[in-house]
Amino acid sequence: MNWIRYLRNGIKMAVLILILSTCKVDFPFKKATYTYKNESGLQLQMAVKNRYVDTIVYLADKASYTYIANSLSGEPFTGRQSSPADSVGIKFATNQCLSFTREEGNGVFKLPEYENYVNGVEEQTEFSLTFIFDEDWLAKAQNCN
């Protein structure tokens with residue numbers, strides 16, 4: 001009689017697997033395109049840091065860098081394949097630096113700081129924002145340690 005119990009459990013398990021395999025769960029991924037422009041008049045270095053790796057991007061004056069975030073949040077420097085960035089450091093050619101952290105939500109991590117930010121844009125499933133490093137940001141920079 002044990003074989004009947006095993007048969008019943010096997011049938012239940014097969015039905016459960018069949019039901020779960022036919023269900024499709026769509027996560028609301030967002031595609032956010034972030035463009036970082038250098039209009040400071042100087043070359044700058046942007047260091048994007050997460051717990052695994054640092055990515056260094058060099059931007060000449062008037063150059064730009066584009067990052068596409070495909071993630072649930074659509075926040076800057078997030079994505080499916082990598083750990084979200086914890087911080088972004090900017091070093092201008094004059095040895096002046098800026099530091100932005102996700103935890104503090106400042107600079108590149110603060111969406112209203114982006115040039116074309118409109119309230120509520122982050123609720124859309126696809127959007128583009130531009131951050132400009134200009135003379136105002138250079139004026140806020142401090143000597144690098």
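This is a predicted model: local features need pLDDT of at least 70, side-chain atom pairs count only at pLDDT 80 or more; totals for chains, interfaces and linings use all residues.

1. An open sheet of five strands runs in the order β3-β2-β5-β6-β8, with antiparallel pairing. The edges are held by β3 and β8 (142–143), each of which has a single partner strand, so that one side of each is left without a neighbour in the sheet.

2. Within this sheet, β2 and β5 are paired in the antiparallel sense over six bridges; as one point to verify, K49 has S87 in β5 as its bridge partner.

3. Strand β5 also contains K91, which counts as partly exposed because its relative accessibility is 36%, between the limits of 20% and 50%. Leaving aside neighbours within four places in sequence, K91 is in contact with Q43, L44, Q45, Q96, C97 and C144. The C-alpha atoms of K91 and L138 are separated by 9.5 Å, although the two residues are 47 residues apart along the chain.

4. The largest nonpolar core has 29 residues, and those with the most contacts inside it are Y34, Y36, M46, F77, I90, V108 and F133. Among the elements that give two or more residues to this core are β1 (30–38), β4 (64–71) and α2 (135–140), while β7 gives the most, with four residues.

5. For F133, again leaving aside neighbours within four places in sequence, the contacts are Y36, K37, N38, E39, S40, L44, M46, I90, F100 and V108.

Definitions and conventions. Residues are numbered from 1 along each chain as its sequence is written. Side-chain values use heavy atoms; hydrogens and water are left out. A nonpolar core is a set of buried Ala, Val, Leu, Ile, Met, Phe, Trp, Tyr and Cys residues joined through side-chain atoms within 4.5 Å. Buried means under 20% relative accessible area, exposed over 50%, partly exposed in between (1.4 Å probe, protein chains only). Contact means heavy atoms within 4.5 Å. Two strands pair if DSSP finds at least two bridges between them.
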